[in-house]
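Dear colleague,

I am passing on the structure that we spoke about, together with notes on the spaces inside it and on the ligand. Please read the notes with the model open beside you.

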Amino acid sequence: MAGLFITLEGGDGSGKSTQSALLAEWLVGEGRTVVHSREPGGTELGVELREIILHRRGYITPRAEALLYAADRAQNIATRVRPAIDRGEIVIQDRYLDSSVAYQGAGRVLGGAEVRELSLWATDGLLPDLTVLLDLDVASGRARLDADDKVFDRLEAEKVDFHSRVRDAYLELAASEPSRFLVIDGALPVGEIARAIMERVARLL
Ligand code: TMP
């Protein structure tokens, strides 16, 4: 069986982890081997990088931030994701290069094209077979994060206009690659979103 690489994208609080868990559960029930991954933090090195990127005190310059995400990505793709795809497994991953294009490219205003090139260099050109974008307005995403009652990380703590730029960039990315993206309204009930994702993935199996 051919391997697949499926990524979930969206703003903070858009429901990616809930949906990737439901998708993984369904695929395992279909008899597939699933690797669940995330960026940043999908590898041992990545866990250390995640801690630095999200929680280190003090200023990190936007280019350094972009390079830290790219380093995490390079390690994750080379050591976990590509080997799993080559074994014919399905990799479901929370966040990938579109996160960098949206957050560093648009949020930090580094420029989407350069940030995308950096990620493609880091991963030797790997693009997902399918990217699910859970689109949610910024206020609703914030409300969900507030309800979680956790301390905001460096990115979550950014202001509303940062997160609005991130959302707009995601929608532009989806519009420019319609065959790779499935855009779903993140405000829909969990079960409805899960069904829409499964229907699309079923066509790829
Ligand atoms: P997470 O909490 O969804 O795991 O993601 C951690 C934060 O990192 C989230 O606010 C989005 C941000 N991020 C980027 O800014 N660029 C990236 O390339 C990735 C993967 C995540």
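On a 1 Å grid over the protein atoms alone, a pocket is an open set of points with protein on both sides within 12 Å along at least five of seven lines, a cavity is a set of points where a 1.4 Å probe fits but cannot get out, and lining residues have an atom within 4 Å of a point. Grid points are joined across faces, edges and corners, and a volume is the space filled by probe spheres set on the points. The model is a predicted one, in which local features need pLDDT of at least 70 and side-chain atom pairs count only at pLDDT 80 or more, while totals for chains, interfaces and linings use all residues. Residues are numbered from 1 along each chain as its sequence is written, and side-chain values use heavy atoms, with hydrogens and water left out.

The largest pocket has a volume of about 770 Å³, and of the 30 residues that line it, Asp12, Lys16, Arg50, Arg95 and Glu156 lie nearest its centre. Two or more lining residues come from each of helix 1 (16-29), helix 2 (44-55), helix 3 (62-86), helix 4 (97-107) and helix 6 (138-148), where helices (H or I, at least four residues) and strands (E, at least two) are DSSP runs numbered from the N terminus. Helix 4 gives the largest share of this lining, 4 residues. By class, the lining of the largest pocket holds 8 nonpolar, 9 polar and 13 charged residues, with Ala, Val, Leu, Ile, Met, Phe, Trp, Tyr, Cys and Pro counted as nonpolar, Asp, Glu, Lys and Arg as charged, and the others, Gly among them, as polar.

The ligand takes up the space of the largest pocket; a molecule is said to sit in a pocket if more than half of its atoms lie within 2 Å of the grid points. Around the ligand there are 13 residues, of which Asp12, Tyr69, Arg95, Ser100 and Gln104 are the closest, a residue being near if one of its heavy atoms lies within 4 Å. Helix 4 supplies the largest share of this shell, 4 residues, and the shell divides into 5 nonpolar, 3 polar and 5 charged residues.

On its own the ligand has 490 Å² of accessible area, of which the protein covers 92%, as computed by the Shrake-Rupley method with a 1.4 Å probe.

A search of the whole structure also finds 1 cavity of 30 Å³ or more. The largest cavity has a volume of about 160 Å³, and of its 17 lining residues, Gly11, Asp12, Leu136, Val138 and His163 are the closest to its centre. Helix 7 (160-176) contributes the largest share of that lining, 4 residues.

Two backbone details deserve a look. The peptide bond from glutamate 39 to proline 40 is cis, with omega near -5°, and proline 40 lies in the loop between strand 2 (34-38) and helix 2. Arginine 95, in the loop between strand 3 (90-94) and helix 4, has a positive phi, near 75°, in a residue other than glycine.

With best wishes
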